[in-house]
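Good morning, colleagues. Please have the display in view as I speak.

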Amino acid sequence: MTPDEVVDLQLRAYNARDTDSFVATYAEDARIFYLNNSTPIFSGRNQIREHYGTKRFQNPALRAEILERIVSGNKVIDLEKTWGIQEEPFTGPVIYEVNGNFIQNVWFINPDTVELPAGAT
């Protein structure tokens, strides 16, 4: 599987709010960060499962859409528009590092710190 195919599987599971399929796209020791913080928000499948399965995926309005994508080696950089987390949808970049068939690391970038392309919001 290519890195973008792995991220696509993750996105489909996210939009279906399918915890098992979502978590299966992550490496056992995967980590999720905010870009400017070296301390992970979540470390490992168990923490990812706990957060998304018991909190995030309980929201029926939750969904994300890819507006733009760059693939460079094992990195997938998506400009995502997300609904159901804040009162209004928001747009921001996410960087995925894929090793083999699993997402190893994810970096969320605060959309307030990024100048988005015209029409992306």
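Let me begin with a definition: two strands are said to pair if DSSP finds at least two bridges between them. Please note that this is a predicted model.

On that basis, the model holds an open sheet of six strands, in the order β2-β1-β6-β5-β4-β3, with mixed pairing. At its edges lie β2, residues 42–43, and β3, residues 63–72, each of which pairs on one side only.

I turn now to β5. Eight of its ten residues are buried, so β5 is largely enclosed by the rest of the structure. Its pairing with β4 is antiparallel and comprises eight bridges, and isoleucine 77 has isoleucine 95 of β5 as its bridge partner. Six residues separate β4 and β5 in their hairpin, where glycine 84 in the turn has a positive phi of about 90°.

β5 also pairs with β6, again in the antiparallel sense, over six bridges. Here valine 98 is partnered by isoleucine 103 in β6. This hairpin has two residues between the strands, and glycine 100 takes a positive phi near 65°.

At the other end of the order, β1, residues 26–34, joins β2 through two bridges in the antiparallel sense. Isoleucine 32 has phenylalanine 42 of β2 as its bridge partner.

Finally, the helices. Helix α3, residues 44–54, lies across β1, β2 and β6, at about 60° to β1. Within helix α3 is histidine 51. Is histidine 51 buried or exposed? With a relative accessible area of 16%, histidine 51 falls under the 20% cut-off and is therefore buried. Beyond its neighbours within four places in sequence, histidine 51 is in contact with Phe42 and Arg56.

Notes: Residues are numbered from 1 along each chain as its sequence is written. This is a predicted model: local features need pLDDT of at least 70, side-chain atom pairs count only at pLDDT 80 or more; totals for chains, interfaces and linings use all residues. Side-chain values use heavy atoms; hydrogens and water are left out. Helices (H or I, at least four residues) and strands (E, at least two) are DSSP runs, numbered from the N terminus. Contact means heavy atoms within 4.5 Å. Axes are lines fitted to C-alpha atoms, for helices over the stretch in contact, and angles run from 0 to 180 degrees between N-to-C directions. Buried means under 20% relative accessible area, exposed over 50%, partly exposed in between (1.4 Å probe, protein chains only).
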